[in-house]
Amino acid sequence: MFQQDSNDDTEDVALFDAEEETANRPKKSKIRHPVASFFHLFFRVSAIVVYLLCELFSSSFIACMVTIILLLSCDFWAVKNVTGRLMVGLRWWNHIDEDGKSHWVFESRKVSPEENKTISEAESRIFWLGLIACPVLWVIFAFSALFSFRMKWLAVVTMGVVLQGANLYGYIRCKVGSRKNLTNMATSYLGKQFLRQNTGDDQTS
């Protein structure tokens with residue numbers, strides 16, 4: 001079952017405290033959903049590869065653009081509706097109420113101690129790595145297209161930033177619950193790193 005805006009009981013690789021969580025619980029390296037893990041990376045990596053290499057194999061900009069947009073659209077649907085739920089127990093979605101108002105819902109699955117034993121550390125790492133790394137690459141491509149005046153590609157890379165960035169934002173909201181929690185978590189992480197560095201310096205001196 002899913003519970004709206006619940007992140008306290010979600011057990012997956014944390015965005016900021018991965019080292020502490022890994023140290024406090026046994027590693028579970030087995031991939032329980034290999035098909036979901038494959039398609040979590042397949043569409044988004046394929047879109048990047050096509051963008052980088054399409055001009056070497058095709059002179060048709062339209063064909064390249066359509067292929068990339070189709071791959072990005074498939075990736076957006078698969079990550080939003082399938083891989084997030086299976087791999088890390090998170091889901092975000094939107095619904096319209098009877099008054100016509102739009103509501104965004106960010107959910108995380110409550111995990112019992114029994115279910116926690118079967119959670120895959122490897123799947124969580126694959127999920128977050130793919131979710132974070134690919135949008136960063138599209139942002140780099142966007143700046144590259146802008147500064148090199150490749151304006152015809154700017155719309156394509158902007159689509160990559162928007163679609164993959166939307167999934168990244170949605171799942172971060174699922175993970176941390178709210179913008180306030182995200183700020184608190186980042187501040188806490190930076191504070192821990194600062195104390196750890198100072199403690200290490202004091203011990204060495």
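At which residues does UniProt place the feature "transmembrane region"? The unreviewed entry places this feature at residues 35-53, 59-79, 126-147 and 153-172. UniProt positions are given in the numbering used here, feature names are shortened, and annotations may be inferred rather than shown by experiment. The structure itself is a predicted model, in which local features need pLDDT of at least 70 and side-chain atom pairs count only at pLDDT 80 or more, while totals for chains, interfaces and linings use all residues. Residues are numbered from 1 along each chain as its sequence is written, and side-chain values use heavy atoms, with hydrogens and water left out.

Two of the annotated segments may be compared with the model. Over residues 35-53 the chain is 100% helix and 0% strand, with the end C-alpha atoms 26 Å apart. Residues 153-172 are likewise 100% helix and 0% strand, and their end C-alpha atoms lie 28 Å apart. Helices (H or I, at least four residues) and strands (E, at least two) are DSSP runs, numbered from the N terminus.

Helix α2 spans residues 34-57 and contains serine 46. This serine 46 has a relative accessible area of 17% and is therefore buried, a term that means under 20% relative accessible area, with exposed meaning over 50% and partly exposed in between (1.4 Å probe, protein chains only). Not counting residues up to four places away in sequence, serine 46 touches Leu41 and Leu71, where contact means heavy atoms within 4.5 Å.

How are helices α3 and α6 arranged? Two packed helices are described by the angle between their axes and the distance between the axes. Helix α3 (residues 61-88) and α6 pack at an angle of about 0 degrees, and their axes are 10 Å apart. Axes are lines fitted to C-alpha atoms, for helices over the stretch in contact, and angles run from 0 to 180 degrees between N-to-C directions. The two helices α3 and α6 are therefore roughly parallel to each other (angles under 35 degrees count as roughly parallel, over 145 as roughly antiparallel, 65 to 115 as roughly perpendicular and the rest as oblique). Among the residues making the contact are Phe61, Ile68 and Phe76 of α3 and Trp153, Leu163 and Asn167 of α6. Tryptophan 77 also has its place in helix α3; its relative accessible area of 54% is why tryptophan 77 counts as exposed. The C-alpha atoms of tryptophan 77 and asparagine 167 are separated by 9.4 Å, although these residues are 90 apart along the chain.

The strands come next. Strand β2 (residues 90-96) runs antiparallel to β3, and seven bridges join them; two strands pair if DSSP finds at least two bridges between them. The hairpin formed by β2 and β3 has five residues between the strands, and glycine 100 in the turn has a positive phi of about 85 degrees. Within β3 (residues 102-109) lies glutamate 107, which stands opposite arginine 91. Glutamate 107 is buried because its relative accessibility is 7%. Its side chain is joined to that of tryptophan 93 by a polar contact of 3.4 Å (a pair of N or O atoms within 3.5 Å; within protein, one must be able to donate a hydrogen and the other to accept it, and residues adjacent in sequence count only if both atoms are side-chain atoms).

Finally, the loop between α5 (121-147) and α6 (151-176) holds phenylalanine 149. Phenylalanine 149 has a phi near 60 degrees, a positive value in a residue other than glycine, and is exposed at 66% relative accessibility. Arginine 150 lies in the loop between α5 and α6 and is partly exposed at 27% relative accessibility. Neighbours within four places in sequence aside, arginine 150 is in contact with Tyr51, Glu55 and Ala145.
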